[in-house]
Amino acid sequence: MEKIIKPVSGYLAIVMALISLPLSIFFFVMLGQTGNVGFFFLAFLFFIAFIFLVKGILIVNPNHSRVLTFFGKYIGTVKENGLMWVNPLYKTVHLSLRAHNHNGQQLKVNDKMGNPIEIAAVIVWRVSDTYKASFEVDNYLQYVNVQSEAAVRHLAVSYPYDRMEDEGAEQDITLRDGGDKVNEMLEKELNERLGPAGITVLEARISHLAYAPEIAGAMLQRQQATAIVAARTKIVEGAVGMVELALDRLSKKEIVVLDEERKAAMVSNLLVVLCGESKVSPVVNTGTLHQ
């Protein structure tokens, strides 16, 4: 599991390094003047201390971290920002904690109804556990790409693209009309898939959704036909209501008395006028009602 450590301040290490280097030079000069071997050991000791101090200095930028290992053993993770100092024998690996955008490529898959569709998603993610991201998976960036594609494919085959009224079964959720619900399910599945790698998905949204080109034309015709049928149904309902109202008003006010045959003719004429696509040209009857 991830272990956060707080290293020594790097400023103190710099001060000690700046003291060690002049002392090392001073003792080397004294060695040359006196030839005393003791000065050599002191000069060498302060020079090694200078190298030791300088090599352990590291800079951690905001929303970045350093993963520390010592001969293959995980020591901890430095998340504190600023100038730090750690054991120079530690191996440090830089790991960004910033939010990343993954713009997935367009995938061609079959939806639940077997229709070929094109789908793509945009995912915002970040590293939440540096230990898992570093040691549980081989390459966490590649892991995000592969698992994101797998999650989008699984979502696409789990739900239909759109409702098929002619199938006689209403679907609770579709990819086209699901909206936030579909995005929420995608985000949940991505968190489950990427959790073992220490990745947290902040947001996931469908960025592209369309029928595949080979059936796009046919599906467009189907949608247009559905729209036409719906519009015609609405027109007929309104026309029937208007005819009913006209007959009722004529009967109540006794403007004209129509037998069943004349009522049928009137209904037919009104429906033609109200439901016709083109403008109707009226014909004036100058004779009697029955001629």
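The model is predicted: local features need pLDDT of at least 70 and side-chain atom pairs count only at pLDDT 80 or more, while totals for chains, interfaces and linings use all residues. Residues are numbered from 1 along each chain as its sequence is written, and side-chain values use heavy atoms, with hydrogens and water left out.

**The chain.** The protein chain has seven helices and 10 strands. These are DSSP runs, numbered from the N terminus: helices are H or I with at least four residues, and strands are E with at least two. Of the 291 residues, 31% are buried. Buried means under 20% relative accessible area, exposed means over 50%, and partly exposed lies in between (1.4 Å probe, protein chains only). The chain exposes about 18400 Å², and carbon and sulfur atoms supply 59% of it. Accessible areas come from the Shrake-Rupley method with a 1.4 Å probe; for residues, only the protein chains shown count as cover.

**Annotated regions.** UniProt, in an unreviewed entry, places the feature "transmembrane region" at residues 12–31 and 37–60. UniProt positions are given in the numbering used here, feature names are shortened, and annotations may be inferred rather than shown by experiment.

The 25 residues of α1 should span 36 Å at 1.5 Å a residue, and its end C-alpha atoms are 36 Å apart, which agrees. The expected span is 1.5 Å times one less than the number of residues. Among the buried residues of α1 are Gly10, Ala17 and Phe27. Their cover includes β1 (8–9), α2, β2 (57–60) and β5 (82–85).

Phe28 also lies in α1, but Phe28 is partly exposed, with a relative accessible area of 38%. Phe28 belongs to a nonpolar surface patch of about 970 Å², whose members include Leu21, Ile25, Phe40 and Ile51. The elements that give two or more residues to this patch are α1 (10–34) and α2 (37–55). The most comes from α2, with seven residues.

**A loop glycine.** Gly104 sits in the loop between β7 (100–103) and β8 (107–110). Gly104 counts as buried because its relative accessibility is 18%. Leaving aside neighbours within four places in sequence, Gly104 is in contact (heavy atoms within 4.5 Å) with Ala120 and Ala121. The C-alpha atoms of Gly104 and Val152 are separated by 9.1 Å, although these residues are 48 residues apart along the chain.

Note on methods: Patch = residues over 30% accessible without salt bridge, like charges linked within 9 Å, V, L, I, M, F, W, Y side chains within 5 Å. Salt bridge = Lys/Arg side-chain N within 4 Å of Asp/Glu carboxyl O.
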